[in-house]
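Here is a short report on one protein chain. Have the sequence and the model open as you read.

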Amino acid sequence: MANRVRGKMPPALRAKQFLPFSALSGLSEALEKRERVAAPKIDLTEDMAEELNWIMQEVECGKVIEVLYVRKEERVKLTGMVLKIDRVGRILQVENTRILFEDILAVSIVS
């Protein structure tokens, strides 16, 4: 049998073979699951509702916030940029997530 001599693989092709590999695949999903806590919806006390109202008045498009809200009986913590705030329709959009005002438990402005 004759030995076949192969030429060197070009660096661009060599790098391509590693592109599909991600050592941290599934990490973002796992972290997202840790942010969710199963819990029934709670009613805010009058003081909590008043404090939330003051903070919500400070929220504007373009600001980065951290919001704790209830979705399908789970508490979800989301950090992201406010893309839209509809005070009449009472809807807050953070990144790709639309949140009803009545589902919000807490808000803090990050920047």
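## Basis of the model

This is a predicted model, in which local features need pLDDT of at least 70 and side-chain atom pairs count only at pLDDT 80 or more, while totals for chains, interfaces and linings use all residues. Residues are numbered from 1 along each chain as its sequence is written, and side-chain values use heavy atoms, with hydrogens and water left out.

## Overall fold

The chain holds three helices and six strands. Their order along the sequence is α-α-β-α-β-β-β-β-β. Helices (H or I, at least four residues) and strands (E, at least two) are DSSP runs, numbered from the N terminus.

The chain has 111 residues, and 20% of them are buried. Here buried means under 20% relative accessible area, exposed means over 50%, and partly exposed lies in between (1.4 Å probe, protein chains only). The chain exposes about 9000 Å², with 55% of that supplied by carbon and sulfur atoms. Accessible areas come from the Shrake-Rupley method with a 1.4 Å probe; for residues, only the protein chains shown count as cover. Contact means heavy atoms within 4.5 Å. Among contacts between residues at least 6 apart in sequence, 55% join residues at least 24 apart.

In soluble globular proteins, nonpolar side chains tend to be buried together.

What does V107 touch, leaving out residues up to four places away in sequence? The list is L52, I55, M56, V59, I65, E66 and V67. E51 sits in helix 3. E51 counts as exposed, at 52% relative accessibility. The C-alpha atoms of E51 and V107 are 9.6 Å apart, although 56 residues separate the two in sequence.

## The largest pocket

Rolling a probe the size of a water molecule over the atoms shows where empty space is left. The search uses a 1 Å grid over the protein atoms alone; a pocket is an open set of points where a 1.4 Å probe fits, with protein on both sides within 12 Å along at least five of seven lines. Lining residues have an atom within 4 Å of a point. Grid points are joined across faces, edges and corners, and a volume is the space filled by probe spheres set on the points.

The largest pocket holds about 260 Å³ of space. Twelve residues line it, and L52, N53, M56, R90 and F101 lie nearest its centre. Helix 3 gives the most to the lining, with five residues.

R90 lies in the loop between strand 3 and strand 4. R90 is not a glycine, yet its phi is positive, at about 60°. R90 is partly exposed, with a relative accessible area of 42%.

E95 lies in the loop between strand 4 and strand 5 (97-100). Its phi is also positive, near 55°, in a residue other than glycine. E95 is partly exposed, at 37% relative accessible area. Beyond its neighbours within four places in sequence, E95 is in contact with G80, M81 and L83. The E95 side chain reaches the backbone nitrogen of M81 at 2.8 Å.

## L83 in strand 3

L83 lies in strand 3 and is partly exposed, at 45%. Leaving out residues up to four places away, L83 touches C61, Q93 and E95. E95 and L83 are twelve residues apart in sequence and 6.1 Å apart, C-alpha to C-alpha. L83 and N96 are 13 residues apart along the chain, with 8.4 Å between their C-alpha atoms.

Technical notes:
Polar contact = N/O pair within 3.5 Å; in protein donor to acceptor, adjacent residues only side chain to side chain.
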